[in-house]
Structures are given as structure tokens and as C-alpha cells.
Amino acid sequence: MLPSNFPDAERRSSQTVTRRRFLGALGALTSLNMLTACAARTPRDPAPVTGGPPRIENRPLMGSLDPVDVRVGLILGPPSMGLSQFLLAAQAGNTYHSFEFEVTGIDFATLAARFNRGEFDIVTLPSNIGAVLYNNDDINTEVRVINVGNLGVLYVATTDPNITSMNDLRGRTVYSIGQHGTPEFTIATVLDGYGLGNDVDMSYRATPFEVLNLLQSEENCVAVLPQPFVELARTMVDELFTPVDLTAAWDEMPSNTNRSQAVTTHTIVNRAFLEQHESAVIEYLQQAGSSVDFTLDNIEAAAAVQEELGTFLNNEVAAAAMPFCSLVSLTGEVMHDSLSGFLSAIYSQNPAAVGGSLPDNGFYYMPPIGALELDLPTLTESDRVSAGAS
């Protein structure tokens, strides 16, 4: 079934975006969330998530409370679309610390390399890359994950009205993008979770536009696409249905007993920066959470500034896609539960996808008790010893 809050046909027609107008914008997003892994897929039982979540402590904030410059690297598209109010506040000087944002396009490999070189303090990246960096003893920058910014963004898109559920994919060829990356691992996990791993022929293409061409030309075509390509497909393909949200399908898998969720992006921080300026990380989480809340409650207003901020390249498509981009700002134990379960599931598809082993609890940053409710401008250095009190 279509999501109940999908814009009605009249509203969509008023926001139709031509292929020519949007081709350049979405062409830049082709590789979003694709991480090429060298090892072949080797299905196995999911790795156990042991030890429970890291302990949340009643402790003082680490480092200085003095205002500091914070260099933040973002990925274009869904990973930054929910942060518009944070970016506007930073530009206006309405934050305690000085956040300097750079939206670096979709080349997350270069963003990760620049982070490792010390050019950023905080970055958003596809959800498995933090674990890859954490497990790499040769990198210069030790990392901690501080939040999850997007849950799943994958949807079944089809011109076949007979496809209404996961089970209807049995025996079908399904086209998608993201082979050897998080899309493939997510799709494989969901198919396995419904007992369809050997009964669906996944056929991967290099770009979403190849999949869109197939949806246009092949009768009763079935595909899995991420947002915002689903919204682009609606402007190009007649009678397109989106019967399955893979994020919901993941949640409902019978094998999902550890509260895991499909996770698309997360935010990581340089450990040294965290320990020297924890209050800046706390403010980042506060501002990110508030911005996501605003976005979800005010889609049109948030979408209207995407082009201006460089977080997305078309405001109209942003407005249509944002309700389905699974925008969140998960922190603490909730972040740990969703991300550790996701990493465990994709580890079972390919251990190389998480750097060869599951990260231990040291990977997951836990804010002190009450820290996310602190009013940072009112704190003084003498307050630091009690800043973690509830």
C-alpha cells in the first residue's frame, strides 16, 4: 500500500519536475550510500550483539566549555536535508559554538579521507563506514559514532499492480543500485529475513537512471530504489506503485529480535575532539535533533531552503521526498540498538562491510545523563564538574 501521508495526485501535479530540470541534481546522487567491498557475499548467521548497550554515566563533561570552532562535513541529499534549521542557526551566529558546515556532494570516500586527514571534526557518512574506520588500525583519526541521521530510504517501486507485499517478489527479477554496498546488504538481509533469499533474482545496475529506464520500458517491471529517486520516478513513469517500504519490512522481519533497524547514515566525531570539546558535540546533537523535529513538522518550510543551503538541489522534489527519507536523530541507547543490530545483520552478509569485525561498545558515544538538556550558554567552567547531573 502507498504510505498514508503520500501527497495526493493533485498536489504532485503542481510540483511536477521535468527530467531535464532534475537530471543534473539527481545525477550527482548516483553513488549515495554505495560502499564497494572487495569480499564476496558470504551469508552466515547474524553475529551476536553481546554485552548490551554501553553504560550511560552521571559524569562531568569532558574538556573545556569555552566556545570553539567546529568543522562539519555533510553529504548532499537525505543525510543533510533534515539539518537545514541547524545550518541556518549557525550561519546567523545563533549557536554557542561556531559550526562551519561544508556540504561535500556525494563522494563519501573523499569525505572520509579528509576526515582522517584532520580537515573535519564531525562528518556524516553511510552507516557502515564508521565501523570500517573504527576497525582500521592504520588510520590517523580515532572515531566515535554520535547519532543516526537516516533510517532506511529504500522502497519497492513497480508498474505491476499485483505486487503488494514482500512475498509477491518470489520468482521475480528485481532491479536496483548499490551492489557491494549498504543497499545490497540491506536488501539481502530483508530477503533472507522473509525466506526469499534464493527466490528473488536481484539484478544491479550502475546508476539509478538505468533502473528508471527499465521502469519506463519493461512491462510489469519491479525495482528497489532509494529516495529521492522514487520521487523522480513518479515524474517519469506512469502508474508507478510503491507497495513495500523496506524500512518497515526490516522492522517486521521475524528474525529481527534485537530491535535493529535499517540504517542509512550516521554521524561520527574525531575522538580527540570529543574529549577536548564534549560540549560542542552535545550542542551538535541538540541542534540536529531540534532541526529534524522542525523538518518533520514543517516539510514545506524546510524544503524551501534546500537549494539555498546546498543540502539538496531541488526544493520541489525535496518536499515530496522528505517525508519518506526516514529523517531521525537517534542518540545514546536508541542509537546503539538500531545501529549495532544493523551492523550485525550486514556483517552476516559480508564481514568486510564493517571492517572485518563488529565494533565493540567503545565505538558508541553515550552522552552523560541529562547532558542533552543542558543550556550551554549558561554554564561556566566551574559548572563542568556537575554538567552531567540529571
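Which residue forms a salt bridge with arginine 271, the closest N and O atoms being 2.8 Å apart? Glutamate 142 does. I'll come back to that pair.

Ground rules before the tour. This is a predicted model, where local features need pLDDT of at least 70, side-chain atom pairs count only at pLDDT 80 or more, and totals for chains, interfaces and linings use all residues. Residues are numbered from 1 along each chain as its sequence is written, and side-chain values use heavy atoms, with hydrogens and water left out.

Six strands form an open, mixed sheet, in the order 2-1-3-10-4-11. Strands are DSSP runs of E, at least two residues; helices are runs of H or I, at least four; both are numbered from the N terminus. Two strands pair if DSSP finds at least two bridges between them. Strand 2 (98–103) and strand 11 stand at the edges with a single partner strand each, so one side of each has no neighbour in the sheet. From one strand to the next, the twist averages 25°. Angles run from 0 to 180 degrees between N-to-C directions, and axes are lines fitted to C-alpha atoms, for helices over the stretch in contact.

Now the pairings. Strand 1 (residues 69–74) runs parallel to strand 2, joined by six bridges. Leucine 74 has valine 103 in strand 2 as its bridge partner. Strand 1 also pairs with strand 3, again parallel, over two bridges. There, valine 72 partners isoleucine 122 of strand 3. Strand 3 and strand 10 run antiparallel, with five bridges. Proline 126 stands opposite threonine 265 in strand 10. Strand 3 is mostly covered: five of its five residues are buried. Buried means under 20% relative accessible area, exposed over 50%, partly exposed in between, using a 1.4 Å probe and protein chains only.

What lies across the sheet? Helix 5 (residues 108–116) lies across strands 1, 2, 3, 4 and 10, at about 145° to strand 3. Helix 16 packs on the sheet too, touching strands 4, 10 and 11, and its direction makes about 85° with that of strand 4. Contact here is heavy atoms within 4.5 Å.

Threonine 331 sits in the loop between strand 11 (327–330) and helix 16 (332–349). Leaving out residues up to four places away in sequence, threonine 331 touches Ile146, Asn147, Leu285 and Leu372. Glycine 149 is 182 residues from threonine 331 in sequence, yet 9.4 Å away in space, C-alpha to C-alpha.

Helix 8 (residues 208–217) and helix 9 (residues 229–236) pack at about 35°, axes 11 Å apart. On the helix 8 side we have Pro208, Phe209, Leu212 and Gln216; they meet Phe229, Leu232, Ala233 and Met236 in helix 9.

Back to charge. The structure holds 11 salt bridges. The criterion is a side-chain nitrogen of Lys or Arg within 4 Å of a carboxyl oxygen of Asp or Glu. Our opening pair, arginine 271 with glutamate 142, links distant parts of the chain, 129 residues apart. Arginine 271 is in helix 11 (residues 271–276), glutamate 142 in the loop between helix 6 (129–134) and strand 4. Arginine 271 is partly exposed at 29% relative accessibility, and glutamate 142 is partly exposed at 46%.

Arginine 271 also bridges to glutamate 275, with closest N and O atoms 2.8 Å apart. Those two both lie in helix 11, four residues apart, about one turn.

Last item: Glu102, Arg114, Arg117 and Glu119 are linked in a salt-bridge network.
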